Amino acid sequence: MRIYEWLDSRLKLTRLERTLLDEPIPGGASWIYVFGSATLFLFVLQAITGMFLAIYYVPSPDAAYDTVQFIQHEVSFGWFVRGLHHWGASAVMVAIGLHLLQVYLYGAYKPPREPMWIVGVLLLLFMMAFGFTGYLLPWDQNAYWATQVGTNMVASVPMIGDLLVRLLRGGESLGALTLSRFFALHVLFLPTLLVSGVVLHLFILRRAGPAGPWSQERARQGSEPFYPRQVFMDAVVVLGVYLTVAGLAMTVPFPLADRADPADNTFTPVPEWYFLFFYQFLKYMSGPLEPLATWVLPALFILGLLLLPFLDRNPERRPLARPVAVSAGVAFLLVVFALLGISLKNLYAIPREDPSVARGRMLYAQNHCAACHRLHGEGGKVGPDLSYVGDERPDRDWHLRHFRDPQSVSPGSIMPKFPLTDKDITDLSGYMLSLKSQATKGAGT
Ligand code: HEC
């Protein structure tokens with residue numbers, strides 16, 4: 001208490017505290033106003049987990065994948081911090097989506113809060129840029145090929161498309177320069193822009209005041225300060241959000257795909273779920289319609305979103321008195337969720353890897369077969385390259401006999417006789433036979 005008084009006499013903390021906590025909320029505190037705070041909390045969580053990941057991460061094609069593996073498997077709690085960062089990124093998108101929906105439904109973007117809405121839309125765009133740049137950093141197959149698809153889209157912009165792609169990639173192709181560029185954007189440029197945007201967003205909130213309920217009568221019934229009830233509601237939701245993200249990080253494993261292989265253009269990448277609806281939309285827009293999907297519609301959409309407070313001139317805030325705005329919003333959501341649904345259904349239709357083959361893959365790692373064998377450029381050179389052994393040796397019996405005793409089929413072989421059970425041998429042979437040049441590469445791992 002003494003220390004507080006000492007500081008207070010110098011820094012005038014009490015006055016600041018009052019300014020921060022006494023903000024009046026028209027119509028009183030409500031659970032519907034919590035999404036902004038939840039989003040802000042998740043930004044902070046991303047910043048903190050990101051700083052810890054940056055301690056080990058190295059943004060170069062030679063090292064990135066290994067450093068992420070190291071974080072995942074060697075660093076104490078590395079898997080947990082990485083999980084928090086991964087699921088936190090998804091949670092931010094959900095929180096922003098709900099926040100946006102609430103603001104839209106309540107007509108809170110209407111005068112005098114237009115500047116706040118515009119800054120909010122910019123924050124949403126920064127968040128998507130965070131997602132896009134962050135996806136490349138682990139440098140696995142998904143990261144590499146999804147970014148390839150994403151940067152290719154930019155090329156369809158007329159006149160400046162090629163220039164934009166070169167700017168994004170740092171050259172003709174996706175490589176070391178792209179990775180360091182995306183890393184710099186992800187950890188330096190975007191955080192600076194985001195923090196400035198958040199400060200501006202909150203500054204405008206304090207100058208223009210919160211919008212409160214859509215009904216004038218309820219707003220006129222009086223207001224309530226931010227502290228204590230709204231602070232309490234926000235805190236409860238923030239705790240719930242943290243527990244959900246931490247629970248996901250602890251229970252749902254999030255493995256890396258194979259190391260990025262720029263030569264393997266048969267790989268079909270899967271983007272993050274919040275880009276999936278767009279990915280599905282792209283599939284319908286092939287040929288001459290493609291530029292429509294890759295830049296015309298997205299550009300119009302962003303422009304429309306930015307200008308929304310000026311396009312929607314209806315002064316009414318009650319949803320029932322705004323049929324056009326509300327039905328447009330509902331139609332948009334229906335389209336997005338339908339596209340997302342179709343896309344998820346297609347993803348599940350990809351044949352899952354046979355569990356026996358998956359177990360064979362695990363045994364391959366456990367028995368350190370890679371000490372002598374190579375798979376797509378990884379591993380030792382003592383034994384034959386096994387990348388396409390399923391094509392070269394399609395005979396299951398040969399593999400069974402070979403694993404039981406290598407020398408019985410390859411006299412003089414230096415491959416050791418591993419202490420494997422019959423099931424191990426069956427699964428390993430299944431895995432060997434699955435290593436073909438036309439394997440279902442997108443699935444599994
Ligand atoms: C000490 C090095 C060494 C280790 C460890 C090793 N191998 Fe081998 N492997 C060889 C050599 C040498 C050959 C070539 C001679 C032969 O066919 O046995 C070979 C051959 C093979 C072949 C036949 C490939 C072909 O195209 O003829 C398969 C399949 C194979 N190994 C799988 C495995 C698996 C699975 C493991 C792990 C359980 C493993 N190897 C561990 C050295 C090794």
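Predicted model: local features only at pLDDT ≥ 70, side-chain atom pairs only at ≥ 80, totals over all residues.
## A walk through the rings and helices

Computed along its principal axes, the C-alpha trace spans about 90 × 65 × 40 Å. Of the 445 residues in the chain, 39% are buried. Take the contacts between residues at least 6 apart in sequence, and 75% of them join residues at least 24 apart.

Now for the aromatic rings. A pair of aromatic rings is described by how far apart the centres are and by the angle between the planes. With ring centres required to lie within 6.5 Å, the count comes to 16 aromatic pairs. One of these is Y57 with F183, a tilted pair at 5.4 Å centre to centre and 40 degrees between the planes. Y57 sits in the loop between α3 (35–56) and α4 (64–73), while F183 belongs to helix α9 (residues 176–208), so this pair ties together parts that are 126 residues apart in sequence. Both Y57 and F183 are buried.

Y144 and W145 make another pair. Their ring centres are 5.1 Å apart and the planes stand at 75 degrees, which is why the pair counts as edge-to-face, the cut-off for that label being over 60 degrees.

Elsewhere, Y104, Y109 and W117 come together as one aromatic cluster. Y104 also has a charged neighbour: R322 lies over the face of its ring, at 6.0 Å from the ring centre. There is another arrangement of this kind at W398, where the charged end of R393 sits over the ring, 3.8 Å from its centre.

Finally, have a look at how two helices meet. Helix α12 (residues 273–284) and helix α13 (residues 290–311) have axes that come within 10 Å and cross at roughly 120 degrees. Which residues make the contact? From α12 come F278, F281 and L282, and they meet A293, T294, L297 and P298 of α13. By type, the residues of this contact divide into 6 nonpolar and 1 polar, with no charged ones.

How values were computed: Residues numbered from 1 in each chain as written. Heavy atoms only, no water. Phe/Tyr/Trp six-rings, centres within 6.5 Å; stacked < 30°, edge-to-face > 60°. Helix = DSSP H or I, 4+ residues; strand = E, 2+ residues; numbered from the N terminus. Buried < 20%, exposed > 50% of the residue type's maximum accessible area, 1.4 Å probe, protein only. Lys NZ or Arg CZ within 6 Å of the ring centre and 35° of its normal. Axes fitted to C-alpha atoms, helices over the stretch in contact; angles between N-to-C directions. Contact = heavy atoms within 4.5 Å. Nonpolar A, V, L, I, M, F, W, Y, C, P; charged D, E, K, R; others polar.
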